[in-house]
Amino acid sequence: MKTHPDARRWNHRYTQGGDGWLNGRPRRLLLDFVRLLPASGLALDAAAGVALHGLFLAERGLHVIALDISEVGLRLARQRARVKEVWLETAVLDLSSPWLPANTFDVIVNFSFLERATFPVFRRALKPGGLIFFETFLKTDPNVDYPDHYLNPGELRRAFSEFEIIHHAVTEVTGECSARQKITEQLIAQKQK
Ligand SMILES: C[S@@+](CC[C@H](N)C(=O)[O-])C[C@H]1O[C@@H](n2cnc3c(N)ncnc32)[C@H](O)[C@@H]1O
């Protein structure tokens with residue numbers, strides 16, 4: 001079977017980057033709003049990579065499922081979870097044709113990844129009262145390569161407009177990010193109880 005080009009690209013990056021990827025820090029959005037997280041429950045780290053955010057959630061007591069198209073990233077995540085002795089399961093999944101069970105997750109995190117097909121799937125997959133933490137890059141340059149990978153202004157907020165919006169901001173990523181576009185849109189929203 002042919003390997004998906006994104007899987008090839010990211011497997012290569014994670015192989016080259018080795019442990020470097022594991023030394024990154026979770027995004028400020030999650031650190032600043034850590035008080036919102038439940039003490040237990042099931043979380044989904046979507047397009048997790050090496051699951052920096054999933055591991056952070058697992059260390060706080062949540063059970064975490066990390067999904068990504070890169071098996072190399074997920075292998076690094078599992079290794080780190082074993083060392084930390086936390087509950088983190090992984091599955092290789094192409095999120096461009098996502099399916100998730102309904103009313104299953106207490107928390108979903110999606111960082112630095114955009115696949116619009118996930119919006120309705122995330123809305124459905126959260127339990128009532130469940131939280132989504134979403135942050136990814138905003139299209140500030142109309143001539144950017146891969147324009148579909150960037151949010152249009154307000155798009156994220158509209159996608160979760162039926163949820164209670166707890167936090168919404170447009171912000172600049174500093175330091176850790178190598179992407180050309182560095183302006184992100186952040187959203188924390190809660191599904192109706
Ligand atoms: C910029 S990284 C972000 C990783 C992680 N969320 C973080 O913030 O550290 C983007 C991730 O999206 C994954 N990815 C790319 N295309 C994908 C797809 N179609 N389905 C699932 N994951 C995908 C890549 O393998 C990579 O791990």
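The predicted model holds 5 aromatic pairs. In one of them, the ring centres of F119 and F134 are 5.8 Å apart and the planes meet at 65 degrees, so the pair is classed as edge-to-face. F119 belongs to helix α5, which spans residues 118-125, and F134 to strand β5, which spans residues 126-137; the pair therefore ties together parts that lie 15 residues apart in sequence. F119 has a relative accessibility of 7% and counts as buried because the cut-off for that class is under 20%. F134 likewise counts as buried, with a relative accessibility of 0%.

F134 also takes part in an aromatic pair with F160, and this pair is tilted, with 6.4 Å from centre to centre and 55 degrees between the planes. Since F134 lies in strand β5 and F160 in the loop between α6 (155-159) and β6 (164-172), the pair ties together parts that are 26 residues apart in sequence. F134 and F160 are both buried. A single aromatic cluster is formed by F119, F134, F160 and F163.

With regard to the overall fold, the protein chain contains 6 helices and 7 strands. Their order along the sequence is α-α-β-α-β-α-β-β-α-β-α-β-β. Along the principal axes, the C-alpha atoms fill a box of roughly 45 × 40 × 35 Å. Of the 193 residues, 47% count as buried. When contacts between residues at least 6 apart in sequence are considered, 62% join residues at least 24 apart.

The accessible surface of the protein chain amounts to about 9,900 Å², and carbon and sulfur atoms account for 50% of this area.

Helix α3, comprising residues 52-59, is mostly covered, with 6 of its 8 residues buried. These buried residues are H53, G54, L55, F56, L57 and A58. Their cover includes the helices α2 (28-32) and α4 (71-84), together with the strands β1 (42-46), β2 (63-68), β3 (88-92) and β4 (105-111). After α3 comes G61, which has a positive phi, near 105 degrees.

Most residues other than glycine have a negative phi. A47, however, has a positive phi near 50 degrees. A47 is placed in the loop between β1 and α3, and its relative accessible area of 17% makes it buried. A positive phi, near 55 degrees, is found for E85 as well. E85 lies in the loop between α4 and β3 and is exposed, with a relative accessible area of 73%.

A47 is also among the residues touched by D68, a set that, with residues up to four places away in sequence left out, consists of A47, A48, G49, L74, A91, V92 and L93. D68 is located in strand β2 and is buried, its relative accessible area being 8%. D68 and A91 are separated by 23 residues in sequence, while their C-alpha atoms are 6.8 Å apart in space.

R25 is situated in the loop between α1 (5-17) and α2. Its relative accessible area is 57%, and R25 is thus exposed. Leaving aside residues up to four places away in sequence, R25 touches L31 and L52. R25 and Q192 are 167 residues apart in sequence, and the distance between their C-alpha atoms is 30 Å.

Key:
Residues numbered from 1 in each chain as written. Predicted model: local features only at pLDDT ≥ 70, side-chain atom pairs only at ≥ 80, totals over all residues. Heavy atoms only, no water. Helix = DSSP H or I, 4+ residues; strand = E, 2+ residues; numbered from the N terminus. Buried < 20%, exposed > 50% of the residue type's maximum accessible area, 1.4 Å probe, protein only. Contact = heavy atoms within 4.5 Å. Areas by Shrake-Rupley, 256 points an atom, 1.4 Å probe, with all protein chains shown as cover. Phe/Tyr/Trp six-rings, centres within 6.5 Å; stacked < 30°, edge-to-face > 60°.
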